[in-house]
Amino acid sequence: MPGSLTRPTSIAPATGKLGILTPGLGAVATTFIAGVESIRRGHTKPIGSLTQMATIRLGKRTEHRSPLIKDFVPLAALPDLVFGAWDPIADDAYTAAKKAGVLSSEHLEPLKDFLSEIKPMSAAFESRFVTRLLGVNNVKSGPTYRDIAEQLRADMRNFKAANGCDRLVIVWCASTEAFILPGPQHATIESFEKAMDENDQAIAPSMLYAYAALMENVPFCNGAPNLTVDLPCMLQLANDRGVPVSGKDFKTGQTWMKTIIAPGLKARMLGLEGWYSTNILGNRDGEVLDDPASFKTKEESKLSVLHNILQPDVYPDLYKDFSHVVRINYYPPRGDNKEGWDSIDIIGWMGYPMQIKVNFLCRDSILAAPIVLDLALFSDFAHRAGMKGIQEWLSFYYKSPMAGPGLQPEHDLFIQQTKLKNTLRFLMGEDQITHLGLEYYT
Ligand SMILES: NC(=O)c1ccc[n+]([C@@H]2O[C@H](COP(=O)([O-])OP(=O)(O)OC[C@H]3O[C@@H](n4cnc5c(N)ncnc54)[C@H](O)[C@@H]3O)[C@@H](O)[C@H]2O)c1
């Protein structure tokens, strides 16, 4: 039944190694891998990661029980993680990280031995979905899309065996694909398989990874706004095979800010006249998003946030017809250090206008890397706890969260956080926390 969650009778322990595979070995993936290795060597702390740093309150406030999440929930430990990737550019993780320019040599050079060993497997890739990518030299070929998907499945099995992994999880960290709408080809598993056999143009490479992962019982997290697992055929497959999936699009810079500020405006019943957001960024992601087809996919993901939080239908006096503009401009000098500008026009008592300006000098991949870690560890945990299909409790991490059929996605960061923590409490047999504050009277 959609929306219901059954408490597992047992949760398999996190024994052995967990392989984390990323389609894409670019800025986000290499920053994630380098960061985990740096933490393992004691060079840095896992800042930004809930699985490593956050606590969770259990029981009544008077009980003073607030363990670290990682001590409460059986998650894979960092020493047990093994990394692999696919990329159409054959650079190893060290070379790719250097090119991405996120981490300085001070942090990269000590990890050169480790990162140089991570070489990407050949990718399922088609330039019609990512037109701006240059230097492509590591791509699979085969007579049909089905054949490519089978090659991806073999990669997963081979990686698992070669690295002695107990389990795998996949987090999409590859470029944003050109915008497409779901069609009849994506309606059922049968129609999708037929479309793969017929090399139907409605099949995007990311769908082949998702299909291959689900067929291999590997949880799939989608860090980009492409449809990928957010298709009826994939959800059917995930439910049939008992595999957790989640998406879409890591919630990092500007949208993360939106999901903090907009709930605050609504909580105070302040109106909104308009929200103008622009970004300048100069990394490869920025270059890819400079293509209107890829930007359209991103724009769809970024625009839905405010409407869902502010509910103009429920509060027409406050939020009817506010204008919302999002721009991304490719500006090479900025590199991975994106600059986001938000100009927010709000309305107060007696209709008086006010303005909020946010200038966020953020580092995209530094914000995304801990999200990759948390998604991988939580999805592996969810799988061991017998959860399957859309993991709405992981909406916290996504710009455009997947929701069950007929349900609106939840965008408010604080509701998402409560849902995440309450799901962990529920799965581990603890009471959910409602913040009713009646402890004194019971
Ligand atoms: N950095 C963030 O804060 C953030 C936030 C939300 C979403 N994202 C998304 O995460 C993704 C990765 O971002 P990034 O900054 O690392 O980009 P990037 O351009 O540095 O890396 C993407 C990598 O994916 C590879 N790639 C492209 N198509 C592929 C395919 N079919 N299979 C395997 N690899 C493929 C590219 O060669 C490239 O190396 C992008 O889609 C981006 O939109 C990033």
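Student: In what order do the six strands of the open sheet run?
Tutor: The order is 2-1-3-4-5-10, and the pairing is parallel. Keep in mind that this is a predicted model.

Student: Which are the edge strands?
Tutor: Strand 2 (81–86) and strand 10 (389–390). Each pairs on one side only.

Student: How many bridges join strand 1 and strand 2?
Tutor: Six bridges, in the parallel sense. Strand 1 covers residues 17–23. For one of its residues, Thr22, the bridge partner in strand 2 is Ala85.

Student: Switching to domains. What does the domain assignment give?
Tutor: Domain 1 is 17–250 + 365–427, and domain 2 is 254–361. Their centres, taken over C-alpha atoms, are 26 Å apart.

Student: How many residues does each domain put into the contact?
Tutor: Domain 1 puts in 27 residues and domain 2 puts in 26 residues. On the domain 1 side, eleven are nonpolar, ten polar and six charged.

Student: Now the ligand. Where does it lie, and why?
Tutor: The ligand lies between domain 1 and domain 2, because both give residues to the shell around it.

Student: How many residues surround the ligand, and which are the closest?
Tutor: There are 35. The closest are Gly24, Gly26, Ala174, Ala224 and Arg284.

Student: Which helices supply at least two shell residues each?
Tutor: Helix 1 (27–40), helix 12 (284–289) and helix 15 (364–384). Helix 15 gives the largest share, four residues.

Student: And what's the shell like by class?
Tutor: It has 22 nonpolar, eight polar and five charged residues.

How values were computed:
Residues numbered from 1 in each chain as written. Predicted model: local features only at pLDDT ≥ 70, side-chain atom pairs only at ≥ 80, totals over all residues. Near = placed C-beta within 6 Å. Nonpolar A, V, L, I, M, F, W, Y, C, P; charged D, E, K, R; others polar. Domains from an automatic or database assignment. Contact = placed C-beta atoms within 7 Å. Pairing = 2+ DSSP bridges.
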